[in-house]
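Biologist: I'd like to learn how to read a few features off a model. Can we walk through one together?
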Amino acid sequence: MNLNKLTTNIKSWAEDRGLDEAQPEKQMLKLMEEVGELAQGLAKGNRDQIIDSVGDVYVVLTILSMQMDLDIEACITAAYSEISNRKGKMINGVFVKEEDL
């Protein structure tokens, strides 16, 4: 299944459960929980937990976008547009933007 279809399924799942109308502040807390689980998976080298957590983060971000009347695809497009021509270099394993060098 492609990402567009999965995103549509996530949105339908969230709507069926009323999550699209819930409080974004609560969804933000859920996002932090999932990011914490991702960090734990990275710290422990647990690939299955990392895979699950990356997916969970996307699901939670999709629902948060819905709650804030934003389109997740438009948000991703805007972010990519901003970084697509970005230049910089890797320093100690971290990409540093050219303007921050």
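Biologist: Is Glu-82 buried or exposed?

Modeller: Exposed: Glu-82 has 59% relative accessibility. Buried means under 20% relative accessible area, exposed over 50%, and partly exposed in between, with a 1.4 Å probe and protein chains only. Keep in mind that this is a predicted model, where local features need pLDDT of at least 70, side-chain atom pairs count only at pLDDT 80 or more, and totals for chains, interfaces and linings use all residues. Residues are numbered from 1 along each chain as its sequence is written, and side-chain values use heavy atoms, leaving out hydrogens and water.

Biologist: Which residue forms a salt bridge with Glu-82?

Modeller: A salt bridge puts a side-chain nitrogen of Lys or Arg within 4 Å of a carboxyl oxygen of Asp or Glu. Here Arg-86 does that, with the closest N and O atoms 3.4 Å apart. Arg-86 is partly exposed at 29%.

Biologist: How many salt bridges does the structure hold?

Modeller: Five. One of them joins Lys-11 and Glu-73 at 3.2 Å, N to O. That pair links distant parts of the chain, 62 residues apart: Lys-11 sits in helix H1 and Glu-73 in helix H4 (residues 72-83). Helices are DSSP runs (H or I, at least four residues), as are strands (E, at least two), numbered from the N terminus.

Biologist: What does Glu-34 touch?

Modeller: Contact means heavy atoms within 4.5 Å. Skipping residues up to four places away in sequence, Glu-34 touches Ser-53, Asp-56, Val-57 and Val-60. Glu-34 lies in helix H2 (residues 24-44) and counts as buried because its relative accessibility is 6%.
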